[in-house]
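Colleague: I would like to go through how an interface between two chains is read. Please take one feature at a time.

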Amino acid sequence: MDAPAAISVATSVAAGATAAASSGVLHIENWRLALALVFSLVAGGCSLALKLGLGRDIAIGTVRTFAQLFLMGWVLGWVFQADSPWLVMGLFLVMAGAAAHTARGRVKEKAVRFAWPMYGGMAAVYLLVTVTVTGAIVAAKPWWTPQYFLPIGGMVLGNSMNSVAVALDRLFSDMRARAAEIEMRLCLGADAAEASADIVRSAVRAGMIPAVNSMMAVGLVSLPGMMTGQILGGSDPTLAIRYQIVVMLMIVGATALGSTLLTLIIRRRCFGPGMRPLLR
Amino acid sequence: MHEAKRAHRPPRLALLGVGFAYAPQPGATETSGNSAPSAVPSAGQGSPAIPGRQVLSGVDLAVPAGAFVQLAGPSGAGKSTLLRLFCRLEEPQAGAVLLDGADIRELAPPLLRRRVAYLQQTPVVAPGSVRENLLLPFAFKAAAGEVPPDDAALVALLARLAAGDIPLGQEAATLSVGQRQRLCLARALLTRPDALLLDEPVSALDPESARAVMDAAESYCLDDGGTVVLVSHAEFEPRRVSPQLFRLEGGRLHPETPAAEA
């Protein structure tokens, strides 16, 4: 629960901050912000009327949204002021940890331990992608400028975290469902990688498909968050779309790298000594 | 006795004081009592694996090269587990498993499994044609440098299993269970294993397929000098070999005298 909120917060607050700095964006006063609670009440009303049993979650979710976002706004403001690369990296790693934690929670398999490779792999891949974007494509100076690094990093994390969760969930469930097939290949002299090649392929594919599909719909169906934030902040839409193009492509790249690397690393953990399948 | 003649040669397959228990359920606290353990059905095995249950204790077995060993015993006694130990699909907690006198852990698992071929109880075919299935063992790194057999050799092999009428181009998934089991046995034989582990190979087959599979196993043993370990509920009546019979019960292996055979 924490991570997606924290990450998307980082994204929108920072994007907003960038935008607000560039031109005058309308201020939302406290009482108008409170007015937005109407939407929570509407949701609660639906739950009550249809006996959905979601009332409690809606209430908690509303409170958490306020608390987490105000906290993140405060943290970001502080990090922007401090202007220290260590602080920026530290916050990025905390966000990556939260993303890995969330993705791990979404994977149902409990027989294989994969927490540490997951944390390490996600942090490394997403750091690489984010640095490439801020350093080489957006060419922020310095590359860790928090106004760029944190929102872009947050978008990389928030979007590809799901792909990793989907890929791993698929990996584990296929390992179990197709255990007899894996065993058959092992018995014919396949090594662990050869025996599970098909399963790895379909897992990585399952992880990547949503990001690839989102490239098809962008601009037609959806106006993504960063672009929306920039436009609200008064940016020229022709500049906003340039950022959005970079964001879309970087998400596809991060998704591909993240789900491939983690699936390959964690596949090894599905086999015990002697290339013996552990999931069946 | 045969042992005297072969005393100078290590047995092809051997178990030395092997103990085996199913892994305790992950996350479960280890309790020694019978706290209603849940049964997990496991692939390729007829009986459920109950986490933490001791299956084999101090099992010794020596299978000389060229022998035909048949294992019987109640379901859940660990017959499949015993077979799977020989090709490292299971790892013993105690004792050692030997191939030609050497610990099987010294061999790379793919090479071990090509020498000691395990045939699953339920035949599993890969997507693709009969030909693709038969050539599957040659697609792996462990077969690097080997020349895959040509179509004539494949047809001849299938004919040996009374399956010569199956077109090589047919989708393997469309075959009957009996045909699939014959295909799987043919595929296992193509790697020229030293030993063949058969796990209830005919329990789900029609009589004709069952006879073809067992004839092929006997021929592999008698004509090719192969070693066979067969798990079977004794519905198999050998035609040419006289199997060494063992009964697995209570975690231990007991030799049985054959029922009046010449």
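Modeller: What follows covers the interface and then a sheet. This is a predicted model, where local features need pLDDT of at least 70, side-chain atom pairs count only at pLDDT 80 or more, and totals for chains, interfaces and linings use all residues. Residues are numbered from 1 along each chain as its sequence is written, chains are lettered from A and ligands numbered from 1 in the order in which they are written, and side-chain values use heavy atoms, leaving out hydrogens and water.

Colleague: What is the area buried between chain B and chain A?

Modeller: The size of an interface is often given as the accessible area lost when the parts come together. Here about 2,200 Å² is buried between chain B and chain A (accessible area, 1.4 Å probe, lost on being put together and summed over both). Carbon and sulfur atoms give 59% of that area. B:L89, B:R113 and B:F140 supply 26% of what chain B buries against chain A, more than any other three residues.

Colleague: How many salt bridges are there between chain B and chain A?

Modeller: A salt bridge is a side-chain nitrogen of Lys or Arg within 4 Å of a carboxyl oxygen of Asp or Glu. The count between chain B and chain A is three. One of them links B:R84 to A:E183, with the closest N and O atoms 2.9 Å apart.

Colleague: Which order do the strands of the open sheet in chain B have?

Modeller: Strands are DSSP runs (E, at least two residues), numbered from the N terminus, and two of them pair if DSSP finds at least two bridges between them. The four strands run β2-β1-β4-β5 in chain B, with antiparallel pairing. Its edge strands are β2 (54-63) and β5 (102-103), each pairing on one side only.

How values were computed. Buried area is the accessible area (1.4 Å probe) that two parts lose on being put together, summed over both.
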